[in-house]
Each structure stands twice: as C-alpha cells, then as structure tokens.
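Hi everyone, thanks for coming. Let's take a short walk through a structure that may be new to you, and look at how charged side chains pair up in it.

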Amino acid sequence: MPKFEPVAGRGLHTIENAPIPEIRALQLERMKWSLAHAYAHVPVYRQLFDQAGVHPSDLRSLDDLQRFPFTSKAELRDNYPFGMFAVPREQVLRVHASSGTTGKPTVVGYTQSDLDMWSHVFQRSLVAAGVRPGDVVHVAYGYGLFTGGLGAHYGAEQFGCTVVPASVGQTARQVQLLVDFDADVLCATPSYALVVADEFRNQGIDPASTSLRVGIFGAEPWSEAMRAELEDAFGIDAVDIYGLSEVIGGGVANECVETKDGPTIWEDHFYPEIVDPDSGEVLPEGETGELVFTSLTKVAMPVIRYRTRDICSLQPGTARSMRRMGRVAARTDDMLIIRGVNVFPSQFEELVSENPGLTPHFVLEVHQRGRLEGITAVLEPKPDAGDHEAIAAEFASTVRQRIGIAVDVNCVAPETIERSAGKAVRVRDLRSRQS
C-alpha cells in the first residue's frame, strides 16, 4: 500500500511543487499498485479487465492507462451496497453515499488510511485557499451521507482550525454564528452562500462587515460572475474546491488563492484524464471534454478511470507544479436537448448573473406541449428592477442570441423561488406530469 507523508509544518507538501518527472514517476508507481489492488480484490474490476483483455502488468507507462476500461455510476449501483469494496466490510470504518435520485445510491467506503489521506488532501486545499491554523472555519456543507460536511470538518480540525459544524439550513442561525464566532472561513455551496448573504441583508447586516476572509465553495458548478458576486457581497476571496464521493469527497482539487485560475488537482493521489464524452478517446491537455479519475492511494474502494460526467479541461500548473482543472462548465448528465440544441443549466446561470436586475435564483421548467418540448425560465427580479415584462422579453432575446433556443420567461415575486440549503436545484422536469 502506498505511503504518504503528512503536511510538513502545516505548509506545502514537497510533492506539490516537485519537478514534473518526479510527479509522473510517483504516479506510475502508485498506479501500478492501484490497478493490481483493484484486480486482485474487486471481482467487478477483474471481470472488466479480463473482458478488455488487459492485466495490471500491462501498465508500463502512464499512457497505457487508456487501454483499461472505464468505471461509471452504473457499476457502483449494480454492485450496491458493498460490491466495489476491495477490503472486507469489517475493515471499513465509514461509509458515505450519494443521493439516489435515479435509482440506488452510490456507496463508498473508507479505511483508516483512506480517512487519513482525505484529511491530508483537504488540509492541502485549505493551505491553497489561504487558510491558516487557528482560523475559525464555519462548515455549512451538509453532514451525514453527503461527503461535504465531514470532509471539510476533519480536514480543518486536523489542520489546527476551530471548526463550527453548522451544516445546512437554519440560515438565520448561520448568520448569528458567523457574526458571534468571528468566522474567518465559510465552506458552503456557492448557491447557499448567496442565500446566507441574503439573510444578512434581511437582518440589516452588511455581509461584508464580518470577519470572513475566505470562502471555499464547491459541490456544484458556478461561474466567474457568481465568484464576483460572492466576493463583493462578503468582502472575501472566493475559491473553488472540487470533489466527488466516488473519488474521495471534497478536496480532490482546490484553487490557489494567489491565482484563482482553476482548482489544482492533487495528482499524487488522483490521476486525471480528459476524454471525449462520446468516443472515450483521451484528449490532449487543454482540450475540453469529460473529466476521468483513477485513484492512486485509495484502499477500501479504488476507482479506475471513473467517469465523473463533469465537462472541463486540464491546464498546466501555475501556483503548484500539478495540473489544474478548468472551471467545470457543465455535466453531461445535466444536459438537456431541446429541439436539437444541447442546453446546460450553467449557460442560464451565466446569463442570470450578468443581468443586474435579477437575483441569482432561477429554475428551468422543462415542459411538453403537443409534440414539442420547451423550457420556461423562472426568474426572480430584484425588488427595484422595474418592469417585469421588459425584463422577461430582454432575457428571452439574450437566450436566443447566446444559446440559440427560444424560451418562455416567467418573472416571479421576490423570495418566490425555493432556496436550497445544499446543491441548487436548477431543473424541474414537468414532462412526465404532462404526458
């Protein structure tokens, strides 16, 4: 089993800025172990490898990884709950699970080594974000089966921070705790952070008047326009954190506060690829496609070429030697096809953020009228925005020009759209109700 050293002096780990050949050599060594571990201990991987005609011993270079099969949520769901584990269940100290909105949830497990590694990479993420030992870290990610809350909690605690395990909801109380405890860092989904900012204003408090210095936001795609809005609202540095439960949880990658140019991937633990979403062909660095991860040090549940469904690119390192993720623009499983046009909720988020008369809260209602499918964009204008009909007409025109589809627009009263305490719900599919 690969060994890794803790953060020396709670600063940068030496591998983060090591020469690229040193990083690649470590990745190859660990990848050989991970493939062999998965093949020997997970019957699903043995079957997949055998069907593809490959064996762990066939990996002689990092480029050889593309010969191995992909893993997707389908394998995890088909082997629910513990069929993907590489160790006896008795050695698994914790399980997490994703939501089961399309069927059974995907279950992941952690040995003590996995939990240590998770805290380690989250500590790196905190360092990258500009957090310091002793800071008060307010964790407003959900606790429980969702990996967000506990990942941030243990990483910050082991880094030497004071952790406030606020979880999600009770937004008025969140504001009180942020003020009374002089929080330095807010960890939340970006959409919920905006809800918190609204609650500050509802209480007559300027959110920028607090002691907050850093916001670590993730678990959903968000735009540069939303970053600007969050930084302006709270007077903070807002950085992007990336993770998913199947790979480890939050802390797979994190933006460096000095550059804010995309999350740095902790490549000594997670090997990234970008592939064409349709063909599966590996794309050159810099091209946009689907992000794929192979775990290099996970013990309880290794993942080999796991398809994340997130659309982004890989970029060279800047603040660290390790490569960066381009901002996640969309997810392949979020894509809507409306009259032959591929549409992503993130495209609407960008247009909403650009419009000074709109709050950031919106919902896309997908409907069917006769044989034609369409979208109604439900928007929430600000109280002083003016004529709602004019706003709706302008937004519909912008969508036609920028996205290339015709949409209906429904402007509703302030506070009408439901606020999410976790990941924002952007799409409401009405088609089944109309059939």
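Before we start, one term: a residue is called buried when its relative accessible area is under 20%, and exposed when that area is over 50%, with partly exposed in between. Please also keep in mind that this is a predicted model.

Side chains of opposite charge can pair when their charged atoms come close.

Let's begin with Arg320 and Glu16, whose side chains meet in a salt bridge at 3.0 Å, N to O. Arg320 sits in the loop between strand 12 and strand 13, while Glu16 is in the segment before helix 1, so this pair ties together parts 304 residues apart in sequence. Both Arg320 and Glu16 are buried.

Next, Lys73 and Glu246 form a salt bridge, with their closest N and O atoms 2.6 Å apart. Here helix 3, which holds Lys73, is linked to the loop between strand 7 and strand 8, where Glu246 lies, 173 residues apart. Lys73 is partly exposed at 23% relative accessibility, whereas Glu246 is buried at 3%.

Now to Asp261 and Arg324, a salt bridge with the closest N and O atoms 3.8 Å apart. Asp261 belongs to the loop between strand 8 and strand 9, and Arg324 to strand 13, 63 residues apart. Asp261 counts as partly exposed, at 26%, but Arg324 is buried, at 10%.

Finally, which residues do salt bridges with shared partners join into one network? They are Glu16, Arg124, Glu258, Asp268 and Arg320.

How values were computed
Residues are numbered from 1 along each chain as its sequence is written. This is a predicted model: local features need pLDDT of at least 70, side-chain atom pairs count only at pLDDT 80 or more; totals for chains, interfaces and linings use all residues. Side-chain values use heavy atoms; hydrogens and water are left out. A salt bridge is a side-chain nitrogen of Lys or Arg within 4 Å of a carboxyl oxygen of Asp or Glu. Helices (H or I, at least four residues) and strands (E, at least two) are DSSP runs, numbered from the N terminus. Buried means under 20% relative accessible area, exposed over 50%, partly exposed in between (1.4 Å probe, protein chains only).
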